[in-house]
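Colleague: Could you take a close look at the disulfides in this predicted model, and go through them one by one with their geometry and surroundings?

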Amino acid sequence: GNVLIDAQLQEDFSLLNDAIPTFYLNVVDGDQFGCTNPEGTNYNIDATQDDGSCEFNIGSSSMISTCGGIFVDSGGSSGEYTTNENQQVTIYPENSEEYVSLFFSEFQFEGCCDYLTIYDGESTNAPVLVPGSYGTSLAGQTYYASPSNDSGALTVTFTSDGSVTYPGWVAEIGCTTYGPCFGFDVTPVATYETDIGTADAS
């Protein structure tokens, strides 16, 4: 938005030769960018415009509602997770008819014994989308809540043993929608095949 600036001279420089006045700027109004989601570990109470920088830590929240920001282990985006962890969080989309996605830009676990599991729903009673994963197996992978998942949510669990720790993960949170052709917002009329022996594209 536009910012109104109040500029004032601190002294009368009209009688001084070659004087350089000092201006003090008072920002009266305008957007302040930052994380506006209270569930983010870097939530900025003064921010009026979300800049996509929210960081959601599995050790800080058991439930998150967002379609942006990053999802990280207990060590944050730059530290390591700890030993003997047993964490769980459910990530919901911001709006109905949306489905959460996770893209793992970083994933580095112990070669055994520390596991991340993703469930296609609101709890660990939901179908397993990604079974217990370790090592670097999820790096560069994207996972979506399925179109049959009415909540559009993903539940993530993480456990670590009592010995070695690693940098963990950084995952970008997104949301998608599913049209009749899964991934395309089109009307059924436009996708229906009228020839005998063919079916609709839903």
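Modeller: The link of Cys-112 and Cys-113 is left-handed, with -60 degrees about the S-S bond, and the two sulfur atoms of this disulfide lie 2.4 Å apart. As a pair of cysteine sulfur atoms counts as a disulfide when they are within 2.5 Å, the 2.4 Å between Cys-112 and Cys-113 meets that cut-off. Cys-112 has a relative accessibility of 34% and counts as partly exposed, and Cys-113, with a relative accessible area of 30%, is partly exposed as well. Please keep in mind that all of this describes a predicted model.

A search of the whole structure finds three disulfides, and the next one to consider joins Cys-67 to Cys-175, with 1.9 Å between the sulfur atoms. The torsion about the S-S bond of Cys-67 and Cys-175 is about -85 degrees, so this disulfide is left-handed. It links distant parts of the chain, 108 residues apart, since Cys-67 sits in the loop between strand S6 (63–65) and strand S7 (70–72), while Cys-175 belongs to strand S14, which covers residues 168–176. Cys-67 is partly exposed at a relative accessible area of 22%, and Cys-175 is partly exposed at 26%.

The remaining disulfide joins Cys-35 to Cys-54, with an S to S distance of 2.0 Å. For Cys-35 and Cys-54 the torsion about the S-S bond is about 105 degrees, so the disulfide is right-handed. Cys-35 lies in the loop between strand S3 (33–34) and strand S4 (49–50), and Cys-54 in the loop between S4 and strand S5 (55–57), so the pair ties together parts that are 19 residues apart in sequence. Residues count as buried under 20% relative accessible area, and therefore Cys-35, at 1% relative accessibility, is buried, as is Cys-54 with a relative accessible area of 4%.

With the bonded cysteines counted along the chain, the disulfides follow the pattern 1-2, 3-6, 4-5. Among contacts between residues at least 6 apart in sequence, 61% join residues at least 24 apart. The accessible surface of the protein comes to about 11,700 Å², and 48% of that area belongs to carbon and sulfur atoms.

Key
Residues numbered from 1 in each chain as written. Predicted model: local features only at pLDDT ≥ 70, side-chain atom pairs only at ≥ 80, totals over all residues. Heavy atoms only, no water. Contact = heavy atoms within 4.5 Å. Areas by Shrake-Rupley, 256 points an atom, 1.4 Å probe, with all protein chains shown as cover. Helix = DSSP H or I, 4+ residues; strand = E, 2+ residues; numbered from the N terminus. Buried < 20%, exposed > 50% of the residue type's maximum accessible area, 1.4 Å probe, protein only.
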